[in-house]
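Subject: Structure for you to look at

Hello,

I am passing on the structure we talked about, with the sequence. My notes on it follow below.

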Amino acid sequence: MYKLLLSWRYLRTRFIALASIVSVTLGVATLIVVNSVMAGFVDQMKSRLHGILSDVEIAAPLLGEINYPEKHLEIVREVIGDDLENLTCVVRNPALLSFDFRGRQCTQQVMLLGIDDETFGKVTDFEPYLTSAIKKERFSFKLENEGHEAMFDEGGWDYRRRMIDNRERIRKWEEEQQNLYDVTAAGYFETVQEESEAKEEGFHLAPLPTQAPDLNTVHPADPPPNNSTSPESLTQHVPGSGHGGPKVYRMSPFDPGAEHRPPIDPETLFDPMKDQYTGIILGIAISQRKSQTPDGELRDVYMVRPGDDVQVMFPTVGMNARPVSENCTVVDFYSSNMHEYDASFAFMPLSELQQIRGMMDPLTNEGTISTIQIKLKPDADLNEVRDKLIAQFPPEHFTYDIRTWQDTQRPLLSAVSMELTILNILLFLIIAVAGFGILATFYMIVVEKTKDIGILKALGAPSRGVMSIFLSYGVSLGSVGTGAGILLGLLFVRYINQIADFVGMITGQEIFDPTIYYFSEIPTIISPFMIVWVGLGAILIAVLASVLPALRAARLHPVEALRYE
Amino acid sequence: MSDVARKRTIKFDQSRKQKSGRGPNLKIAGQTAMTVKDLYKSYYKGKHEVPVLKGVSLSVQSGDFTAIVGQSGSGKSTLLHLLGTLDAPDSGEIHFEGSRIDSMSARQKERLRNREFGMIFQFYHLLPELTTIENVLVPKMVQDGFFKYLANKRKYKKRATELLEMVGLSHRLKHKPNQLSGGEMQRTAIARSLVSDPKILLADEPTGNLDSQNGREVMDTLDALRKHENLTVVMVTHDDRLAEKADRVIRLENGKVA
């Protein structure tokens, strides 16, 4: 009884001891805040890292192939058994992407993924990260007119048509200009084939126009007068289109070979106003640039929009790899907010990519692939499945790289976890320093209370009892400090965004810049387990710090203590 | 104040004598309460041995007021500490009611100090954080566990209040020691020493820190209580005038009984 009474009285009358506990409070609060914010960041980062990576993948080496994918899938299904949720085949290869921006050719390296639009979304979190509202719901490689409003002021078919129309006007205007000066190439013959064809047919050059158009009447804004052909009957090379698109010729109205060829059905002709090339989805950061306005605001500039055409160039497979090039129409963007992914990934339909890269087996007509991506049931052990697959495809016989998504991102994940560990150690050191503060304070209190200890002993209090006065004093101080620290930490975490805003407002320096971190606010996760551990650790340190003074109090000789003045 | 205080001091509860479990009949006068045989005790200052008690033998009779008188440095305080088991002798024996107490275990000594001995010190030795009544109750708190104390709290408080009334401090129950005068503090200490109904009271210069007026009051209180509670009292003092009141005076000189 006297122990509780006395430690309570000491607690109430010695506020300086509370000051020594403030460092415990601050340490505990900091630990909770740091752990919660780090947990939030790691969780966000993991879900983003995991986003496009499947749980486990079997990958052929870069530019390599997995032959007989159906057979492989069968084996994989058999090996994994019940843990398997879904799997998909992917062709992955580096590629060059080029697009036209304000008349300039921009070329960038991308990682091109040929994906199966049926199964890819079931294996990875692909669809939620698309920018188009429509594609998020129902994924396809078709260009939609709607759904891009969230990201772009315009995009889709209307934008595509407008841009083609614009370019057509400019092209025609340039053609007019060309006509004025280069009359011999007056736009009647465009291709070598035509010319040679024409020569074979004994065609003679058309007479030169006798009168040049009036220079002053031509403006780029006005559509140039169309003297020989109408846009509908023309099939054009759209600027930026390469050799991969539908092969079209520009025909002269005086084409003498026309009657020998089968008549061209305008419905089957490629019309960029109505048709799209192979759909492609680009990582948002590929075509995005951040620019700063003079006011210091960040602004995104998009060089490509949905509806624009781009060209991708990549090597074919096999021994005699050669570059091939393909026209694609951007149908959407992929924005996972992981810059690493957003700046490098581009997605194409699997079958198209297999065709173009020559991955079709002529005998079975089955396309080879480069990666099998596997999604497992939520509670499956990734490493165990990976080991099973490695046992099935041993590295002695296969060139495959079999890894979990964590293996793929191991450097980053282990760096983050090491960072967290070190931070925890450092912060616990802070609490340990606080522990030494408690030790010193308690020692002083024991010295101050020497006479009281002597009195208690003279009145028959056992050493154990005297010791427990100071131990319970330490425990109660530690608990008070820890409790206050937990409360403070939780409050801080709860209102961390408001606090960041407030500090930003006062200092004029934005603490948390969403454009840098890609988070709209600071993510936090409070783990009760972590709080319990931090609390117990802090109380333990306080108790340990009070053990030494308490022992000293217990060992005091009553006569010596009473003589103490 | 002294007259008022004295009047209050005299106001005893007469019924207590009968109620008390151990009345005067149990303490047959002349029976030996405490015997000391050939006690030696030295202190060490560095390597130098300073002998304080050099073979002290004495006995204390039950119900007696024994005064141990000596010059300062004669070892009388040390002797009292040894009697109160606060310290252990180098050699010699101390017997209390027939059993040897100097060789007891720490636990037994604690029990003895808590229940059988009451102690009063020159510097009062009250706990500054506790009120008067709490200070009086400390031996009871030490004696009982948490729940037992709570169960008996009412009884203990009644007894403590009674004792404080006897020493004339019923109006000071909720005061902290720093709000009390020296005499009041010593009287609180006397009440504390009596709260667990001890058999023997060991007083170490109880008036040594008080002026003569307050000292006399304290001595009167002590004397009245002694008679009322039928206590055996051993008092250490250097003041021969105080010793005059004692039934028996033992003079200590140079570490030996003179």
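I start with chain B, where six strands make up an open sheet of mixed pairing, in the order 6-7-8-3-9-10. Its edges are strand 6 (117–120) and strand 10 (256–257) of chain B, each of which pairs on one side only. Strand 10 of chain B is joined to strand 9 (residues 248–253) of chain B by two bridges, and these two strands run antiparallel. One residue pair to look up there is B:E253, whose bridge partner in strand 10 of chain B is B:K256.

Please keep in mind that this is a predicted model. It scores ipTM 0.84 and pTM 0.66.

Chain B also has an open sheet of four strands, in the order 2-1-4-5, with antiparallel pairing. Strand 2 (48–61) and strand 5 (99–100) of chain B are at the edges with a single partner strand each, so one side of each has no neighbour in the sheet. Within this sheet, five bridges pair strand 1 (residues 32–45) of chain B with strand 4 (residues 91–96) of chain B in the antiparallel sense. B:Y40 has B:S91 of strand 4 of chain B as its bridge partner.

On confidence, chain B has a mean pLDDT of 81, with 88% of its residues at 70 or more. The stretch to treat separately is residues 1–28 of chain B, where pLDDT stays under 50. For that stretch the model has 23 contacts beyond four places in sequence.

Chain A also averages a pLDDT of 81, and 84% of its residues score at least 70. Among the elements of chain A, the highest mean pLDDT, 93, belongs to strand 9 (residues 345–349) of chain A, and the lowest, 54, to helix 7 (residues 192–200) of chain A. Over residues 203–247 of chain A, pLDDT stays under 50, and the model has 54 contacts beyond four places in sequence for these residues.

Next, the helix packing in chain A. Helix 12 (residues 410–448) of chain A packs with helix 17 (residues 528–555) of chain A at an angle of about 25 degrees, the axes being 8 Å apart. Helix 12 and helix 17 of chain A are therefore roughly parallel to each other, and their crossing is right-handed. Among the residues that make this contact are A:F428, A:F436, A:F442 and A:Y443 of helix 12 of chain A, and A:I541, A:L544, A:L548 and A:R552 of helix 17 of chain A. By class, the residues of the contact between helix 12 and helix 17 of chain A are 17 nonpolar, three polar and one charged.

Helix 12 of chain A has a further partner in helix 2 (residues 15–52) of chain A: the axes of these helices come within 9 Å and cross at roughly 170 degrees. Helix 2 and helix 12 of chain A are therefore roughly antiparallel to each other. The contact between helix 2 and helix 12 of chain A has 21 nonpolar residues, six polar and no charged.

What is the angle between helix 3 and helix 10 of chain A? Helix 3 (residues 69–80) of chain A and helix 10 (residues 382–392) of chain A pack at about 130 degrees, with axes 10 Å apart. These two helices of chain A are therefore oblique to each other. The crossing of helix 3 and helix 10 of chain A is right-handed. Helix 3 of chain A contributes A:I75, A:V76, A:V79 and A:I80 to the contact, and helix 10 of chain A contributes A:V385, A:K388, A:L389 and A:Q392. The residues of this contact between helix 3 and helix 10 of chain A divide into six nonpolar, one polar and one charged.

Last, the contact between the chains. It takes 18 residues from chain A and 20 residues from chain B. On the side of chain A that touches chain B, helix 1 (2–13), helix 13 (450–458) and helix 18 (558–563) of chain A each supply at least two residues. Helix 1 of chain A gives the largest share of that side, six residues. By class, the side of chain A that touches chain B has 13 nonpolar, two polar and three charged residues.

Regards

Notes
Residues are numbered from 1 along each chain as its sequence is written. Chains are lettered from A and ligands numbered from 1 in the order in which they are written. This is a predicted model: local features need pLDDT of at least 70, side-chain atom pairs count only at pLDDT 80 or more; totals for chains, interfaces and linings use all residues. Two residues are in contact if their C-beta atoms, placed from the backbone, lie within 7 Å. Ala, Val, Leu, Ile, Met, Phe, Trp, Tyr, Cys and Pro count as nonpolar, Asp, Glu, Lys and Arg as charged, and the others, Gly among them, as polar. Two strands pair if DSSP finds at least two bridges between them. pLDDT is the predictor's confidence in each residue, from 0 to 100. Axes are lines fitted to C-alpha atoms, for helices over the stretch in contact, and angles run from 0 to 180 degrees between N-to-C directions. Angles under 35 degrees count as roughly parallel, over 145 as roughly antiparallel, 65 to 115 as roughly perpendicular and the rest as oblique. A crossing is left-handed if the near helix is turned anticlockwise from the far one by less than a right angle, and right-handed if clockwise.
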